Structures are given as structure tokens and as C-alpha cells.
Amino acid sequence: MIAEEYQIASPQTRAQLWANLLRLETLGEWSAVGRCLSTDTDVLAQAQSYLCVLQHRDEELDASIVVTNLDPPNEFKLRTASAMAVVNERVVLEPDGRGTLVRYTAAATSSMFGPAVTVWLHDHVALVQERLSRFVQRTDTHAADES
């Protein structure tokens, strides 16, 4: 099992971040998801499963994503299952002065652990951490502030 945690300071409010992070339209901006194939909703919903494509370098990998917990506007958890691994991700939003402290945690398991899978998992977490950092640190927001 691989587990990592990152903390990122954001100038956005929790309400802004919550609204933007849970939109399927922006999921690919902050996660390793390239796109979700078919869905009847615009936002991630509790216990809902989504068929998506993960990006990894120049490769794409089919995956299912399930929202395992929603606690607005504090926390949500995603479980992503692919042929390579199962990744459980947790995003926690905590008030921090005028902005928000974002904590991202990922724990991954795979039945195929070996050097290639270990590198893939570290790359996956690094990609999400990089994209999430850029996403939450920007000052322009797509969604209106929903208090």
C-alpha cells in the first residue's frame, strides 16, 4: 500500500472550492481523470459511480470512480478502481484565515505490486497533487460563490 498526504493553502473560500471541486466539468483540472464518459449529473454525488478515463503520461486507462463520502463543505472521498490499482482519495477543506487549507490524502493498493505499478501509483499521486495545487491556488473561479 502507498499512502501520501499533502496540504495546500488556497485563497478561495470553502464554499467556492466545494462548488468547483465537485463539478464534473472541472474534475479533469484537479485530478488524474481525463474525462467521464456518460453521466446524468453535473456534480459528483454520494454513492454514485462514474465510468471515467484516467490519464497517465501518454496513456489512458479506464476506471470507475465512486463517491464514498460527502460531508459538505468539509470533506469528500473518492474510490477509483482501474486495472492498475485502487486509489482512495480524501479531500478535506478547512477554514484558514481568509482562505482555505486543502488536505489531500491518497492511499493506493494493487494486486500487481511491483516496480512498474509502484512507479505508476507515485506518478498518479504526484499528478493529482500538482493539478490540485494549481487548481486551488488560483484566484479566478468558475462557479459562483455558493455560501
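Seven strands form an open sheet in the order β1-β7-β6-β5-β4-β3-β2, with antiparallel pairing. The edge strands, each pairing on one side only, are β1 (2–10) and β2 (33–36). On average, neighbouring strands of this sheet are turned by 25° against each other, direction ignored. The model is a predicted one. The points below cover strand pairing, helix packing and aromatic contacts.

**Strand pairing**

- Strands of a sheet pair through backbone hydrogen bonds, in either a parallel or an antiparallel arrangement.
- Strands β1 and β7 are joined by nine bridges in the antiparallel sense; within this pairing, Glu4 has Ala106 of β7 as its bridge partner.
- Strands β6 and β7 are antiparallel as well and share 11 bridges, with Val92 standing opposite Arg103 in β7.
- The β6 and β7 strands form a hairpin with two residues between them, and Gly97 in the turn has a positive phi of about 65°.
- Strand β7 is largely enclosed by the rest of the structure, because nine of its 11 residues are buried.
- Strand β3 (residues 49–56) runs antiparallel to strand β4 (residues 59–71), and eight bridges join the two. Gln55 stands opposite Glu60 in β4.

**Helices on the sheet**

- Helix α1 (residues 14–21) lies across β1, β4, β5 (75–82), β6 (86–96) and β7 (99–109), and runs at about 155° to β6.
- Helix α3 (residues 115–137) also packs on the sheet, where it touches β1, β2, β3, β4, β5, β6 and β7. The direction of helix α3 makes about 10° with that of β1.

**Aromatic pairs**

- The count of aromatic pairs comes to two.
- The ring centres of Trp18 and Phe76 are 5.7 Å apart and the planes stand at 75°; an angle over 60 degrees counts as edge-to-face, so this pair is edge-to-face.
- This pair links distant parts of the chain, since Trp18 belongs to helix α1 and Phe76 to strand β5, 58 residues apart.
- Trp18 counts as buried because its relative accessibility is 12%, under the 20% cut-off. Phe76, with a relative accessible area of 1%, is buried too.
- Trp30 and Phe76 form an edge-to-face pair, at 5.9 Å centre to centre with 75° between the planes.
- The Trp30–Phe76 pair likewise links distant parts of the chain: Trp30 lies in helix α2 (residues 24–30) and Phe76 in strand β5, 46 residues apart. Both Trp30 and Phe76 are buried.
- Through these ring pairs, Trp18, Trp30 and Phe76 are linked into a cluster.

Conventions
Residues are numbered from 1 along each chain as its sequence is written. This is a predicted model: local features need pLDDT of at least 70, side-chain atom pairs count only at pLDDT 80 or more; totals for chains, interfaces and linings use all residues. Side-chain values use heavy atoms; hydrogens and water are left out. Two strands pair if DSSP finds at least two bridges between them. Helices (H or I, at least four residues) and strands (E, at least two) are DSSP runs, numbered from the N terminus. Axes are lines fitted to C-alpha atoms, for helices over the stretch in contact, and angles run from 0 to 180 degrees between N-to-C directions. Contact means heavy atoms within 4.5 Å. Buried means under 20% relative accessible area, exposed over 50%, partly exposed in between (1.4 Å probe, protein chains only). Rings of Phe, Tyr and Trp (its six-membered ring) pair if their centres lie within 6.5 Å; planes under 30 degrees apart count as stacked, over 60 as edge-to-face and the rest as tilted.
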